[in-house]
Amino acid sequence: MDPPPGIELRGLVRHFGERTVLRKVSVSVPAGATLAVLGRNGAGKSTLLRILATLLRPHGGEVSVLGEPLPRRAWAVRGRLGLLPHEPLLYRDLSGRENLGYHARLHGVAPRRVEELLEAVGMTERAAEPVRLLSRGMVQRLAVCRAVIHAPSLLLLDEPLANLDPAATGLVEPLIGRSCGATRVLTSHDPRAAMAEADLVLGLQDGRAAFVSQPDKVEPAAVERLYA
Amino acid sequence: MRDGRGGGGDGRGPGTWRTVVTVLRKDLLLELRGLDTLPAMILFSIVTFVIFHFGLNQETIAGQEAAGVLTVTLLFASMLGINRLFVAEREQGGFDGFLLAPVDRSALLIAKATALFLFLVVLEVIAVPAFALLLLGPSLGPPLPGLLAMLALGDVAFAVIGTLVSAIAVQTRARDLIGPIVGLPLLLPALIALARGIGPLLAAHGSGTPPGKWVAILALYDVVFALLSYAVFDFLLED
Amino acid sequence: MTTYGRGLRGLSLLTVLTITVAFVLVFFYAPLDANQGFIQKIFYLHVPLAITALCGFVFGGLLAVMYLRTGERKWDIRSYVAIHMALIFGVGTLLTGTIWAKASWGHWWVWSDPTLTSFLIVMLLFATYQPLRFSIEDPERQSRYASVFAVVAGAFVPLNFLAVRLAQPYVHPRVLTLTGGNLPGPMRLTFVVAWLGIALLYVTLWKYEMAAKSTRMQVRALRRALLGEDAVAPLKRSAAPS
């Protein structure tokens, strides 16, 4: 039996007008593995995540996510992936519970899942307050819930632990951490922390894949060059 | 190894109508919480009636003149609503949240157009009696059914074009300006049909039914632009 | 990449020739109109400009459909050029129309003329095309949104004419009908030649601008390939697709 599919990128290209933002990026991520994407601001990390999330179309090369080629089969894979971008994607005037209820319904997920998640991240007491009244750490916890509300097989995490205190980090770990079992792609401004949880590391420099290797085989000098 | 089941979905989202209802509920809830758009539209309409009173310097107006004042006021009030329609989506990540869901994307168009239509109906429930009170000479009783029918058709036109134009405008830099300058010329045929259609109704001894040709034009406009909007809306969402 | 410059010289010569012939016909061949006199001759400029402008808008809409279907930039550039050429011809239509209106009916503008009014509304709509494009910075999104606009606006043209026509008793002189018109022979010939001249002018100018834009794009691509990405400064925010 074939192993379950993860992510396959072959020569991925993406432009912005005349500029090329991603140049022929190739990487292969097996199912269940974690890929850490390192690079400076503007190196193309968020663009890469958004392409994998089916929010942007690839302009060249081949992209296959969970066995489905993009953009042709984007609609088929959308319900199985979860994106956690910089913005929480929550409506400030609605409560945490209302926000999660909205996303649950959009994904065809049972309402009790909302309560399960709220309890898992310790937000049940404050779930009825408008999001604009919550601290950034709490908002981030709700954002994590939103990202995993439909139990996705692929997680795309853009600096997932930003704004979280150590206690909260522990609460979200079962949902989006290594132990959750999903295939994961994560970016982080802290290369060491990212590499500590990764099975594979991709270094992006000016849209090019500077290196792709396992964390223990990455040269520290190569990482430094990325951020130089 | 996760298979995506158990409390989560199997990757398939709700059907189109359920998605429309979900988005519509969310928008109505947001408006109820914020209560900024609808009160502004209502206040704007009433103030505009007062302005017209002084601008025209007449105690009452009737017939085509009255139809013109009412139609133009409703049109400009709807512009206020149009400008706000997608702002929350753009500024609070609503587009991304929706686009990540495994749903039919046209549902967003239908939901937003329905929301705008409902706002316009609520607006008219208050603005039309206010108009009758402040400006209209003839009684509103006899022509009311015909008037409501024409206004309903007109609201569909404002809602469809308004949603389309708002979705375009929200992604531009000159957000609040692009909506009206593109939307108003597009709505002109509908405006003509609506104003000319209710003119005879508001006349001193007016008939109770609007002239057939204007009903037909307005209905045709609604159908054509509803279909056209449905056809092109996806292109506004994809990237 | 298509070479727009091919055949351009021949086309230009043909255009100049046709316009010259039309000019001669208008001033020396076509008879004087009994009612309106000499000023009626502006009709040979006004109506061809109007028809060409409207066809240009619809043409731009069709090209936009091709862009939405294929995603290839060249269709968007073609659509953009078609629409902004049509806008220029449209301004010409409105100017010649008001001159004619003043001379014939004594007013610079007559609302009771449905064709002129419809045309004004169409122009007001398409005048927003460039501000709209200018207002979107992401080039791909700019092309996509502009194409959506062009399609909707193109569909709007016939509906608008219908609504305005029904709204007013017409005063606009009806000289062209589906059966070929009630123009007497010499006038009809002159009109056809004038129309041909204006249409050829439109096509020639369209090709010229396409050639210029296409060349500029290729030069920039070559410079980027030779000198590296950073050596070529990005174009300033503009309404035109680059």
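This is a predicted model: local features need pLDDT of at least 70, side-chain atom pairs count only at pLDDT 80 or more; totals for chains, interfaces and linings use all residues.
**Chain C: overall**

- Chain C has 7 helices and 0 strands.
- From the N terminus on, its elements read α-α-α-α-α-α-α.
- Chain C has 242 residues, and 37% of them count as buried.
- Take the contacts in chain C between residues at least 6 apart in sequence: 79% of these join residues at least 24 apart.

- T15(C), A22(C) and L25(C) are buried in α1(C).
- Seen down the axis of α1(C), the buried residues fall within an arc of 95 degrees, so they line one face of the helix.
- An α-helix has 3.6 residues a turn, so residues three or four places apart point the same way.
- The buried residues of α1(C) pack against α7 of chain C, residues 185-227.
- The other side of α1(C) carries exposed residues: R9(C), G10(C), L13(C), L17(C), T20(C), F27(C) and F28(C).

- Helix α3 of chain C covers residues 73-105, which is 33 residues.
- From first C-alpha to last, α3(C) reaches 47 Å, close to the 48 Å expected at 1.5 Å a residue.
- Just after α3(C) comes G106(C), with a positive phi of about 85 degrees.
- Helix α6 of chain C, residues 139-167, has 29 residues and should span 42 Å at 1.5 Å a residue. Its end C-alpha atoms are 40 Å apart, which agrees.
- α6(C) also bends, by about 30 degrees at V157(C). A proline, P158(C), follows within four residues.

**Chain B: overall**

- Chain B has 9 helices and 0 strands.
- Along the sequence, the pattern of chain B is α-α-α-α-α-α-α-α-α.
- Taken along the principal axes, the C-alpha atoms of chain B fill a box of roughly 75 × 35 × 30 Å.
- Chain B has 239 residues, and 53% of them count as buried.
- Among contacts in chain B between residues at least 6 apart in sequence, 84% link residues at least 24 apart.

**Chain B: a closer look at T16**

- T16(B) sits in helix α1 of chain B.
- T16(B) counts as partly exposed because it has 14 C-beta neighbours inside 10 Å.
- T16(B) and S106(B) are 90 residues apart in sequence. In space they are 8.0 Å apart, C-alpha to C-alpha.
- Neighbours within four places in sequence aside, T16(B) is in contact with D104(B) and A107(B).

**The largest nonpolar core**

- The largest nonpolar core has 210 residues.
- Which residues touch the most other members of this core? They are V144(A), L156(A), A157(B), I168(B) and F149(C).
- Helix α7 of chain B, residues 144-169, gives the largest share of the core, 15 residues.
- Neighbours within four places in sequence aside, I168(B) is in contact with I178(B), V182(B) and L236(B) of chain B, and with Y145(C), V148(C) and F149(C) of chain C.

**Where chains A and B touch**

- The contact takes 31 residues from chain B and 36 residues from chain A.
- On the side of chain B that touches chain A, the elements giving two or more residues are α1 (16-34) and α5 (94-99) of chain B.
- The largest share of that side, 7 residues, comes from α1(B).
- That side of chain B divides into 11 nonpolar, 14 polar and 6 charged residues.

**Backbone details in chains A and B**

- L70(A) and P71(A) are joined by a cis peptide bond, with omega about 0 degrees.
- P71(A) lies in the loop between β5 (68-70) and α2 (74-77) of chain A.
- L89(A) is a residue other than glycine with a positive phi, near 60 degrees. Its place is the loop between β6 (81-84) and α3 (96-106) of chain A.
- Is L89(A) buried or exposed? L89(A) is buried, because 22 other C-beta atoms lie within 10 Å.
- N57(B), also a residue other than glycine, has a positive phi near 55 degrees. N57(B) lies in the loop between α2 (37-56) and α3 (63-84) of chain B.
- N57(B) is exposed, because 7 other C-beta atoms lie within 10 Å.

Methods:
Residues are numbered from 1 along each chain as its sequence is written. Chains are lettered from A and ligands numbered from 1 in the order in which they are written. Two residues are in contact if their C-beta atoms, placed from the backbone, lie within 7 Å. Ala, Val, Leu, Ile, Met, Phe, Trp, Tyr, Cys and Pro count as nonpolar, Asp, Glu, Lys and Arg as charged, and the others, Gly among them, as polar. A residue is buried if 20 or more other C-beta atoms lie within 10 Å of its own, exposed if 12 or fewer, and partly exposed in between; C-beta atoms are placed from the backbone. A nonpolar core is a set of buried Ala, Val, Leu, Ile, Met, Phe, Trp, Tyr and Cys residues joined through C-beta atoms within 7 Å. The expected span of a helix is 1.5 Å times one less than its number of residues. The bend at a residue is the angle between axes fitted to the seven residues ending there and the seven starting there. The arc is that of the directions from the helix axis to the C-beta atoms.
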